[in-house]
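Please read it alongside the sequence and coordinates.

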Amino acid sequence: MKKIFKIFFAFIVLLIVFISFTPQIFHEKIEAIAIKEIRSKLKAKVDFAHFDLSIWQNFPNFTISFENLSVADTTIKNDTLLKSIQIDCVVDAMEYITDGHINVMSVTFTEPIVNAWISKKGETNFSILKNDTTSDVNDTSGLTIHIQKIELVNANIYYSDLKNKNNISLKGFNFNGKGEIGPDAFELEAALTVDTSSLVLGDKNYFKNKKIEFEGLLGINSKDNKYSIKRSEVKINQFRFNTDGDVDLQPNRYGINFKINSPDCELKEILSLASFFQSDMDAIETDGKVNFSGFSNGYYVPGTDTIPKFEFKLEIADCSFKMDTLPDVIQNIHLDFIASNSKGLLDSTELKMDTLFFQLHEHTIFGHAHIHGLKTMELDGSLKGSIHIDEILKVYPIKGLDADGEITFDIEADAKYDSIGSGMNLPNVAFDIAIKNGMLKYDSLPESLTKINFSSKGRSIQGKMEETELSIDQLSFIMGHDPVQGKLKLKGFTNPMIDGNFSADIHLQDIKEVYPIEGLDMNGAFKIVADLHGIYNKTTGEFPKVNAQLQVKNGYVKTESYAKPMEKVNLSVDFKNVTGKIEDTQMIIKELNYFIEGDPFEASGSIDDFKNFAYDLKIKGVVDVGKITKIYPIKDMTLSGVVKMDVAVKGTITDLQNGKYQKTMADGTVELNNLFVQTPLLPKSIEIKKGFFTLSPETINLKSMQMHCGKSVFSVDGKLNDYFCFFYNDGDLVEANLNLKADTLDLNEWKEMFTSSSSQTGEAANSSIWQVPATIDFDFDSDLKYVKYEDMELKDLKGEIRIKGGVLSLTKVGFDMLGAKFHIAGNYDTRDMRHPLFDFETDVQNLDIQKAYTGIKLIRDLASAANEAEGVFSINYKIKGELDKNMNPIIPTVVGSGELKIASAKINGMKIFDELGKATKKKEMSDPHLKNFTLNTEIRNNKLFVKPFSVKVSGFHTEIEGVNDLSGPISYSIKVELLPIEKMKIPFNVSGTYDNPKVALGKGERLPDEISGKTETAPN
């Protein structure tokens, strides 16, 4: 017996070991089959972190697990359709072991996320199934599916149809389905819960943040794309109902046929669908009868007006409603509501609420509403009753708000809209709304508005804005301890007839108590009295007669951004219009003054004629702009400094716009001290150490303006004429005659401000061309000690510089650079930013060749051979042409001529002379000395023409002439006196390029006649 037991025990152990290792035996094969089947069925990218096979989890069957599985569409944006922490598939182990089939019996998805969409173009990310036309039906090594159970645990499902503007969101989705799930038609016992669901159809939100529970029998015919509910119990929030029906998903339309009813429904369940009741349903008690039923039958065709026919009824009779925050019961609630569509077209939808009635304490509210059509809408309705405002807040509280008072209302509407989407006209409406003995207070504020009395009436006639009437017969309340009251009547909204008055005599402190602004402290007396009567018509110039006064006495304003207040603020302004014409409107500033840290400011004057805006103002005082911007900050700008002004201005805005400055008076003085401006609009900050100027109608006379701009330090004085052109782009130029003195002027710091990229579009937008301002005519007498532009450093620059209409002109401008004297005259023209031009005459004395090559870009571009030379030269040259977007000369456009004088020069390593030395067998000519010669050249047609000249090359008398293409090829004739016979010279010809010259004995090809000047010379 003991032996039998040992054998049996050993058999059991072996069996357990066999069962435990069986998955490992088949692991690789099953994984390979699974991957093969997935790839054969899906045109999608499928990834997973780990594949596992177990037999104990669902003994005796295999459990296949995929961890962190994702499925992504590979044809559209590689978008992820499905992610799941884990997917478990239960497989019939015996069937696989006996005949090699993988029979999937159940599938469980753990925390899957599904994100499916249809694009505006109709593309989808869920069309991932392959059309299987190649598989062998007799293949027994593959996958078969007879699922008996499918489960989703804590899923999030999103569907977005951008083409038809439909969205579905299901969060916290749990599903458990049981049944024999076959490939075509089957039935499924299903139970599901959804924590949060939302539904949007055609941009309209029909369903938001609803909790769903469902149990029932589902019929699924995947072959024909038909789905039915054969039995169900549904719960949305607390609302319970039954439904049955089916959905037929065809390629271009959806067939819908279902019925719904809710037996023994309670009012509380209906109220749970409203978002503002969801969070506090336990505090609600209801009683009475509620009936809800309906059906839908027909087709929904996306992108058209075709929808299913439907009818839904909600009947509430003799119900009551009670909240624990409400002392009284809302009772005798009656509601008859029907939503229906009998024709299957969107615009035939009807909403009927024949009865709405309820009572709260002594208050009764009743009304009705009928709406026919959603695009072409017909509406009639009414709502009448009265209620205490605090009772509304108890039913529908607003956080932080406390209010009281009785509101009565009588509203009737009757309207027809041609198109609800293209904008509504006013309907036929008549209303009468009144509030008695009201109160309004926010819990964050120390004071409230009390004794609020309001009475308003209005009416409108369909589409006739000019006959619409609105009246506020009474508006009065107490703000803190101060009274505010007024009346207003409007007739017609197009050119309204206005009749009203308003008055308030309050303390600024009371405004702060009722409606405090964080960081702002204020005090003082504020008074306003206003009467208006008349028509406002902008076209005819009619304006209401106005008599209004605004006063602030002994005001005080302080912000947390600045420690010192604006104090002793006094303001007195009158508004008047006695004729009803807009040009006779007048604003009189009797007084405006204040102090900031002892600095006074005052202004007075008037603005008459609100058509032409005639002004007559006097401003005097000290303004510390740094203090002002701390009290009233300006975004992205730093300001500091002091402005002292004593200015009187008089004129009209119309005259300024028309350039009639002679009719404008501006007189006075402005003094600036340590004014600092920093803004992203400027590449560097600007600091005016000291400035003083006087104003006249046409001129600003700068007495002294000492400025620091980055590294630049300079001063300006002179006159600006027609300076209002700065503000009105009427084609006139702002004229100025100025004296400009500078210790340092670094133009590189300001180059980006004037390059075309800041003001142009298209190709010019990427240019670094320095754009000359086109709206000014400035003439500078300049005395500049040091100027830097790009890599050039100029010293002691003096002369006349003029900027006019996009052209920079230099006249008799002299300066020192690279140890030589320069004199320049000419123009730099940017009127056409696509083709900027230069035209200059230059006279340079005693310039070192190497310094010129290193420090002047134009020399490097036009005379690259100078890199191999040493010595000093003088030049007088005229040159003009066009610049590219990087401020480089466009060589084919360059035209020039002039004279080059060299007293002594050493040519090192120039290959032409190397080759000439070889050809003449004179080594001393390879690195020759050149003395006392004058070279005349012309530039045109992309060529440099060297006119005949004589020079001693290392002691040998030599004659040279020739031409070289500025893009490379050269052609020179050189005659050298090699023999001790006077006037007997040996000819050589040079061809090739500067870098690879060819020197040969003989005259070579005949040189062009234009070298010797037989053709027209280059224009100056």
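## Aromatic rings

F239 is buried, with a relative accessible area of 5%; buried means under 20% relative accessible area, exposed over 50%, and partly exposed in between (1.4 Å probe, protein chains only). The model is a predicted one, in which local features need pLDDT of at least 70 and side-chain atom pairs count only at pLDDT 80 or more, while totals for chains, interfaces and linings use all residues. Residues are numbered from 1 along each chain as its sequence is written, and side-chain values use heavy atoms, with hydrogens and water left out.

F292 is buried as well, at 16%. Rings of Phe, Tyr and Trp (its six-membered ring) pair if their centres lie within 6.5 Å; planes under 30 degrees apart count as stacked, over 60 as edge-to-face and the rest as tilted. By this rule the count comes to 12 aromatic pairs. One of them is stacked, namely F173 with F175. F173 is buried with a relative accessible area of 10%, and F175 is buried at 13%. The rings of F239 and F292 form an edge-to-face pair, because their planes stand at 80° with the centres 5.4 Å apart. This pair links distant parts of the chain, with F239 in strand β12 (residues 239-249) and F292 in strand β14 (residues 284-300), 53 residues apart. Helices (H or I, at least four residues) and strands (E, at least two) are DSSP runs, numbered from the N terminus. F239, F241 and F292 make up one aromatic cluster.

| Aromatic pair | Centre distance | Angle between planes |
|---|---|---|
| F173 and F175 | 6.4 Å | 10° |
| F239 and F292 | 5.4 Å | 80° |

Charged side chains also meet rings. A charge sits over a ring if NZ of Lys or CZ of Arg is within 6 Å of the ring centre and within 35 degrees of the ring normal. The charged end of R253 sits over the ring of Y299, 3.9 Å from its centre. For K568 the ring is that of F595, with the charged end 5.5 Å from the centre.

## Strand pairing

Two strands pair if DSSP finds at least two bridges between them. Strand β27 (residues 545-559) runs antiparallel to strand β28 (residues 566-577), and 10 bridges join them. The two form a hairpin with 6 residues between them, and N547 stands opposite K576 in β28. On to the next pairing, β28 and strand β29 (residues 586-596) are antiparallel over 9 bridges. Here K576 stands opposite Q586 in β29.

## Helix α12

Helix α12 (residues 911-920) has as its buried residues I912, F913, L916, G917 and T920. They lie on the same side of α12, because they cover an arc of only 135° around the axis; the arc is that of the directions from the helix axis to the C-beta atoms. Contact means heavy atoms within 4.5 Å. Among the elements covering these buried residues are β44 (895-907), β46 (943-953) and β48 (970-976). K921 follows α12 and has a positive phi, near 60°.

## Positive phi elsewhere

Most residues other than glycine have a negative phi. N68 is not a glycine, yet has a positive phi of about 50°. N68 lies in strand β3 (residues 61-73) and is partly exposed, with a relative accessible area of 48%. D636 has a positive phi near 60°. D636 sits in the loop between α7 (625-631) and β32 (638-652), and is exposed at 53%.
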